[in-house]
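User: I have a structure open and would like to go through it piece by piece. Can you help me read it?

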Amino acid sequence: MMAVFLIANVKVTDESWIPEYAAKVHDMVAKHGGRYLSRSANIRTIEGEAPDTTLIALIQFPSMEALDGFVHDPAYAPFAKSRQDGSVSQFYVIDDTDVAGSIPYLQAGR
């Protein structure tokens, strides 16, 4: 089983959803074995164009199945809807592999 990482880029357009989302979704993530590695607005561009985003969250899950369990949890649905209505969000998932296959402590990816 390999870890996966949810990367959420969120540009807030209406702040009304944030307090309840921030207070409740952390526990939903934990219920599915996930943990926040960061949920930060301190974004500094090192290279390329700066993202048009208010915050970026990085959440680790033990597997894709665990992440899918969180995303499709009926208890999360109203929180996802409120976030979607009050932001422009992009969610991405990556695993813990190395596409080049040259980092010895990572499994070779494809």
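Analyst: What follows is a short walk through this predicted model, from the overall layout to single residues.

User: Fine. How many helices and strands does the protein have?

Analyst: There are 3 helices and 6 strands. Starting at the N terminus, the elements come in the order β-α-β-β-α-α-β-β-β.

User: And what size of box do the C-alpha atoms fill?

Analyst: Along the principal axes, the box is roughly 45 × 35 × 20 Å. The protein has 110 residues, and 31% of them count as buried.

User: What share of the contacts with a separation of 6 or more comes from residues 24 or more positions apart?

Analyst: Such pairs make up 70% of those contacts.

User: Which strands does E1 pair with?

Analyst: One is E3, residues 55–61, which pairs with E1 in the antiparallel sense over 7 bridges. Another is E4, residues 87–95, which is antiparallel to E1 and joined to it by 9 bridges.

User: Which residues stand opposite each other there?

Analyst: Ile7 is opposite Leu58 in E3. On the E4 pairing, Phe5 is opposite Ile94.

User: Now helix H2. Which of its residues are buried?

Analyst: H2 runs over residues 64–71, and its buried residues are Ala66, Leu67 and Phe70. Those three are on the same side of H2, because they cover an arc of only 100° around the axis.

User: Why would residues a few places apart point the same way?

Analyst: An α-helix has 3.6 residues a turn, so residues three or four places apart point the same way.

User: What covers the buried residues of H2?

Analyst: The cover includes E1, helix H1 (18–31), E3 and E4.

User: Switching to His32. Where is it, and is it buried or exposed?

Analyst: His32 sits in the loop between H1 and strand E2 (35–40). His32 counts as buried because its relative accessibility is 18%, and the cut-off for buried is under 20%.

User: What does its side chain make polar contact with?

Analyst: The side chain of His32 makes a polar contact with the side chain of Asp73, at 2.8 Å. A polar atom of the His32 side chain also lies 3.5 Å from the backbone oxygen of Gly69. Leaving out residues up to four places away in sequence, His32 touches Phe61, Pro62, Ala66, Gly69, Phe70 and Asp73.

User: What about Pro74, buried or exposed?

Analyst: Pro74 is exposed, because its relative accessible area is 68%. Pro74 is in the loop between H2 and H3. From Pro74 to Ser38 is 36 residues in sequence and 24 Å in space, C-alpha to C-alpha.

User: Last one, Arg83. Where is it found?

Analyst: Arg83 is in helix H3, which covers residues 77–85.

User: What polar contacts does the Arg83 side chain make, then?

Analyst: One is with the side chain of Tyr21, at 3.4 Å. Another is with the side chain of Tyr76, also at 3.4 Å. Not counting residues up to four places away in sequence, Arg83 touches Trp17, Tyr21, Tyr76, Ser89 and Phe91.

Notes:
Residues numbered from 1 in each chain as written. Predicted model: local features only at pLDDT ≥ 70, side-chain atom pairs only at ≥ 80, totals over all residues. Heavy atoms only, no water. Helix = DSSP H or I, 4+ residues; strand = E, 2+ residues; numbered from the N terminus. Polar contact = N/O pair within 3.5 Å; in protein donor to acceptor, adjacent residues only side chain to side chain. Contact = heavy atoms within 4.5 Å. Pairing = 2+ DSSP bridges. Buried < 20%, exposed > 50% of the residue type's maximum accessible area, 1.4 Å probe, protein only. Arc of directions from axis to C-beta.
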